[in-house]
Amino acid sequence: MGNLFGRRHQKKPDLRVTQQDKAILQLKQQRDKLKQYQKKIGVQLEKDRQVAVNLLREGKKDKAKLMLRKKKFQESLLAKTYGQIDNLEQLVHDLEFAQIEQEVVKGLEVGNSALKKLHEILSLEDVERIMDEAREGIEVQQEIDALLAGGLSQDEEDDVAAELEEILAQSDTTKDLKLPDVPTNDLEEVRKTEKKRGTETQKVAVAES
């Protein structure tokens with residue numbers, strides 16, 4: 001349900017056709033018609049030339065000349081269409097660029113509005129306070145780094161030296177301690193000796209009885 005309501009409130013893109021859109025469309029249609037007219041005249045010029053050639057072969061010089069005059073007039077019209085097409089394309093370009101400029105201006109307005117709201121939320125005093133806190137944090141960290149790098153007082157250095165001497169003394173005492181020797185007799189010899197002693201004890205006990 002939440003998604004459905006959210007979709008209903010989403011802003012739809014503006015699909016309205018403006019007067020500029022209509023003007024651009026009309027200019028493009030006129031340009032396309034002129035291009036089609038150019039192709040038509042080009043085909044007709046080739047036909048008129050061929051007709052003039054045929055008339056000359058038939059000895060009809062006056063009619064051939066008239067056909068060439070017609071061809072020349074159409075060529076002048078064709079030359080004008082190139083200039084007209086250039087003008088139409090320039091107008092289309094100008095209108096489309098004007099639309100882009102309008103969109104840019106709208107974007108700048110939205111950006112400026114958002115920037116003003118941000119300035120209202122975060123004032124200059126807040127920025128200065130944040131910068132001061134950051135600067136203090138950096139200074140504290142620098143003091144810690146200096147301390148760890150060896151910036152101890154003389155008393156602290158003496159304590160460190162005394163602790164080092166104590167550790168060394170304990171190490172020397174450990175070295176002086178003598179541990180009992182490990183027996184080197186073979187385990188089997190020990191067992192035989194114990195067994196022999198047990199047998200002799202039994203013999204003495206029998207003799208006494």
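Helices, as named in these legends, are DSSP runs of at least four residues, numbered from the N terminus, and the model shown in every view is a predicted one.

View 1. Glutamine 99 has its place in helix α3, which covers residues 61–121. When its neighbours within four places in sequence are left aside, glutamine 99 is in contact with Thr18, Gln20, Asp21 and Ile24. For one of these residues, aspartate 21, the separation from glutamine 99 is 78 residues along the sequence, whereas the two C-alpha atoms are 9.1 Å apart in space.

View 2. In an unreviewed entry, UniProt lists residues 20–47 under the name "coiled-coil region".

**View 3. A nonpolar patch on the surface.** Ile121, Leu122, Leu124, Val127, Ile130 and Met131 together form a nonpolar surface patch, whose accessible area comes to about 570 Å². Helix α4, made up of residues 124–148, supplies the largest share of this patch, namely four residues. Isoleucine 130, which is one of the patch residues, lies in helix α4.

**View 4. A patch of negative charge on the surface.** Asp155, Glu156, Glu157, Asp158, Asp159, Glu163 and Glu166 gather on the surface as a patch of negative charge. Among them is glutamate 163, which is found in helix α5, a helix that covers residues 154–176.

How values were computed:
Residues are numbered from 1 along each chain as its sequence is written. This is a predicted model: local features need pLDDT of at least 70, side-chain atom pairs count only at pLDDT 80 or more; totals for chains, interfaces and linings use all residues. Side-chain values use heavy atoms; hydrogens and water are left out. UniProt positions are given in the numbering used here, feature names are shortened, and annotations may be inferred rather than shown by experiment. Patches are made of residues with over 30% relative accessible area and no salt bridge: like charges are joined within 9 Å, nonpolar side chains (Val, Leu, Ile, Met, Phe, Trp, Tyr) within 5 Å. Accessible areas come from the Shrake-Rupley method with a 1.4 Å probe; for residues, only the protein chains shown count as cover. A salt bridge is a side-chain nitrogen of Lys or Arg within 4 Å of a carboxyl oxygen of Asp or Glu. Lys and Arg count as positive and Asp and Glu as negative; His and the chain ends are not counted. The place of a charge is taken as NZ of Lys, CZ of Arg, CG of Asp or CD of Glu. Helices (H or I, at least four residues) and strands (E, at least two) are DSSP runs, numbered from the N terminus. Contact means heavy atoms within 4.5 Å.
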